[in-house]
Amino acid sequence: MLSSVSIWVIFALYLGFMLTIAVIENKRSQNNNARKFATAGGSIKWPILVMTYLASLMSTWVFFAGPGAYYRGGIGYWASELSYICLLPVIMHFVMNKVWVTNSIRHYTTPADFYYDRFKSPVLRLVLALVFLSASFPYVTSVLIAIAKAAEIATGGAASYKNVVIIVGLVIVLYVMIGGLKSIAITDTIQGLVYISILWIIVIACLFAAFGGSIPTAVSTIWDNTRSWFSYPGPDAWVPYSARFGYPFSCAIGWTVMLPHVFIRSGYSGESLDTQRKTMIITPFLQALVWTGTMLIGMVSIALLPGLSSSDSEYLIPYLIENVISGIHPVAAVLLMIGFFVGAVSVGITTADSFLLVSGSIISNDIISKTLHIKLSDKQQMLSIRAVIAVIGVVSIIMALNPPDLIFTLIMFAIALVMPLFPILVLGIYWKRATKQAAVVASIVGTALVLMTYFVWNMGGNWYGAFGFFGSLICMVVISLFTKQDEQDSYEFYEALKTGEQTYYEK
């Protein structure tokens, strides 16, 4: 529908705009140390924090995996999404706000810094660094796949998938290496507003083109032809009882707070505790707005195009534009296809840039400086972060050149991997009896259980990270009861937590 030239022009203008912001913000912020570069030094105000947090969560799900998931899973799948979104304020209040007040005193850079400050275990730091990095690769890869597929579909195959992956990947890497978190947060805010607007424009256009704007008519059509969409386990029998628990449970924890780039935003980057509170209250409403839009696209698609394969269902938006809207209004179809491509690029980049940045700081800080004990100056540390960003970007490009059938699979595997780290976080905050020996075993056993869930027992598509979570929880409790750790190891941590609470909670 679009020419290959038009895609490259759009992309060049879009990336030019982003790189300009990165250069300007880099000069203005003077990102001359790793912490400021990676976390914005706890200086992000609440409107920007809300949008960068939201944009980092959305990923390629919005324009690809999400509509397809609602197509295959039905209305019950949407209910499971909303069930865990409402848990965000609870988790933020009892966990991530505690992380924030401690960070305000101790000044962390990576997620593992918080754990190390509590448990004083170099082994735990290394294990966590490896787990967080392992979660980063599939996420960045899924973004490159989605953007390249969007270009390929929008041009009817005229744009080379391989060329788009390589060029887009290299430009994203360059952008992240220049800007740091502050510039990423600003562009995330702009891009978030762009893709939410485009999403709802596409939703409304498809509803009007197919059903005259009437949701009841669409619902009636589905009721007559695909009634299973309104009940478990959905049209593709895709939401069995195990997944009804495993999916929202994993997302409520793994996706909402434990992915490394989200951990940084929800725990380290906010300007104040008031910023934290506004983020935890406003974000669920915006999440529900986005998920409802993607659900409506899945609903319209199942009404008009029942029987699509799982892989085809991940490309519902261009399917609708090309097969429904183009026959009614060709010009509108072209504009919407441009919107689809821009939306896919914007929502993808907001996740890829975040993952690349935090991955660079993890390797530079947790592995090179803290594990290998290689002393680096601020300048050398910044160079090492940027070098790591480049390496991870190149590896993700190589992975994206041979993609899996479902982008959904990559995203959910990344979420599952970080699930076992949550019990260690919570017990580390609230239970002084928790020991570093338990934390090390829990992180290893929990991760192993997630890998076995996927690659040995073949239950990853239903349980995701649940087995790893409970295995980690059991190990933390049992081993802590049978081991001891010097109280001095966690003394400074708890003093910082106490001071932070007195400073911010008792105002």
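**View 1. Helices H7 and H8 cross in a right-handed way.** A crossing counts as right-handed if the near helix is turned clockwise from the far one by less than a right angle, and left-handed if anticlockwise. This is a predicted model, where local features need pLDDT of at least 70 and side-chain atom pairs count only at pLDDT 80 or more, while totals for chains, interfaces and linings use all residues. Residues are numbered from 1 along each chain as its sequence is written, and side-chain values use heavy atoms, with hydrogens and water left out. H7 covers residues 111–119 and H8 covers residues 122–154; they pack at an angle of about 160 degrees, with their axes 9 Å apart. That makes H7 roughly antiparallel to H8. Here are the terms: helices are DSSP runs (H or I, at least four residues), numbered from the N terminus. Axes are lines fitted to C-alpha atoms, for helices over the stretch in contact, and angles run from 0 to 180 degrees between N-to-C directions. Angles over 145 degrees count as roughly antiparallel.

**View 2. Arg 125 has a salt bridge to Asp 113 and another to Asp 366.** A salt bridge here is a side-chain nitrogen of Lys or Arg within 4 Å of a carboxyl oxygen of Asp or Glu, and the structure holds ten of them. For Asp 113 and Arg 125, the closest N and O atoms are 2.8 Å apart. Asp 113 sits in helix H7 and Arg 125 in helix H8, so this pair ties together parts that are twelve residues apart in sequence. For Asp 366 and Arg 125, the closest N and O atoms are 2.7 Å apart. That pair links distant parts of the chain, with Asp 366 in helix H15 (residues 330–369) and Arg 125 in helix H8, 241 residues apart. Are these side chains buried or exposed? Asp 113 and Arg 125 are both buried, and so is Asp 366, with a relative accessible area of 0%. Arg 125 comes in at 5%. Buried means under 20% relative accessible area, exposed over 50%, and partly exposed in between (1.4 Å probe, protein chains only).

**View 3. Lys 120 sits in the loop between H7 and H8.** Take a look at its backbone: Lys 120 has a positive phi of about 55 degrees, although it is not a glycine. Most residues other than glycine have a negative phi. Lys 120 also joins Arg 106, Asp 117 and Glu 492 in a network of salt bridges.

**View 4. Tyr 464 has a positive phi too, near 55 degrees, and is a residue other than glycine.** Tyr 464 lies in the loop between helix H20 (460–463) and helix H21 (466–482). It is buried, at 4% relative accessible area.

View 5. Asp 274 is partly exposed at 41%, and Lys 278 is partly exposed at 31%.

**View 6. Leu 451, Met 452, Phe 455, Val 456 and Trp 457 make a nonpolar patch on the surface.** Together they have about 500 Å² of accessible area, computed by the Shrake-Rupley method with a 1.4 Å probe, where for residues only the protein chains shown count as cover. Patches are made of residues with over 30% relative accessible area and no salt bridge; nonpolar side chains (Val, Leu, Ile, Met, Phe, Trp, Tyr) are joined within 5 Å, and like charges within 9 Å. Leu 451 belongs to helix H19 (residues 436–455) and is partly exposed, at 35%.

Terms used:
Helix = DSSP H or I, 4+ residues; strand = E, 2+ residues; numbered from the N terminus. Parallel < 35°, antiparallel > 145°, perpendicular 65-115°, else oblique.
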